[in-house]
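Hello,

Here is the structure I promised to pass on to you. Have a look at it, and then read my notes below.

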Amino acid sequence: MLELELIERAQQGDKAAYTELIHIHHRTVEKFAFQCGVRVHDIPDVTQEVFVKLYRFLHQFQRDRFTTWLYKITLNTARDYYRKETKEKEKEQKLHEDGLNYTSKSAEDRVLVFEEDRELHNAIQSLDEKYRHPIIMFYFHDLSYEQIAEILNVPLSTIKIRLMRAKALLKSALQMSGGVKHGR
């Protein structure tokens, strides 16, 4: 009930309530964005964009499932971020010009506190997005099939099939790579 009160207060312009909502959900947004394939150095930008969109559209929120709505915003923001092809090319060029290497092991290790196992993360990232997103939402965010279907705007039966296929693909990928030490 506290969250609903915060939402109502934020909708009425209470900035402290909005700040508290950000505080509560910031880590979840970062984690979900990372799991959806957002690159390590882009997570802060994507997360900021999620909360900007949340602020802009908070007045439209009327349902009980705030986190479901937030997952949907995060997923769409992550997708949109990489659809901007020219922006990505400019970033890559700037990184190259500056000689920075954001894929260094230490930076990756810091972000991989989100996942218990690097092999599992890599296997999940190798999945097509239609399989990757349901797996992440179900196993790492404890969302129901119904919530996943709502977030992705697909029928419930499609989610069930995609999760079944995703599990088979993951099993195959992990067996080929030698398995997972601390699998879920």
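D42 has 0% relative accessibility and so counts as buried, the limit being under 20%, while R39, at 35%, counts as partly exposed. Please keep in mind that this is a predicted model.

That pair is one of four salt bridges in the structure. In general, side chains of opposite charge can pair when their charged atoms come close.

Another one joins K53 and D80, at 3.5 Å from N to O. K53 belongs to helix α3 (residues 43-57) and D80 to helix α4 (residues 66-83), so this bridge ties together parts that lie 27 residues apart in sequence. K53 counts as buried at 17% relative accessibility, whereas D80 is partly exposed at 28%.

Helix α4 also takes part in a bridge through R79, whose partner E129 is in helix α8 (residues 129-140). These two residues are 50 apart, and the pair links distant parts of the chain. The closest N and O atoms of R79 and E129 are 3.1 Å apart. Both count as partly exposed, R79 at 25% relative accessibility and E129 at 32%.

Finally, do look at helix α9, which spans residues 145-152. Which of its residues are buried? They are Q147, I148, A149, I151 and L152. Just after this helix comes N153, which takes a positive phi of about 55 degrees.

Technical notes. Residues numbered from 1 in each chain as written. Predicted model: local features only at pLDDT ≥ 70, side-chain atom pairs only at ≥ 80, totals over all residues. Heavy atoms only, no water. Buried < 20%, exposed > 50% of the residue type's maximum accessible area, 1.4 Å probe, protein only. Helix = DSSP H or I, 4+ residues; strand = E, 2+ residues; numbered from the N terminus. Salt bridge = Lys/Arg side-chain N within 4 Å of Asp/Glu carboxyl O.
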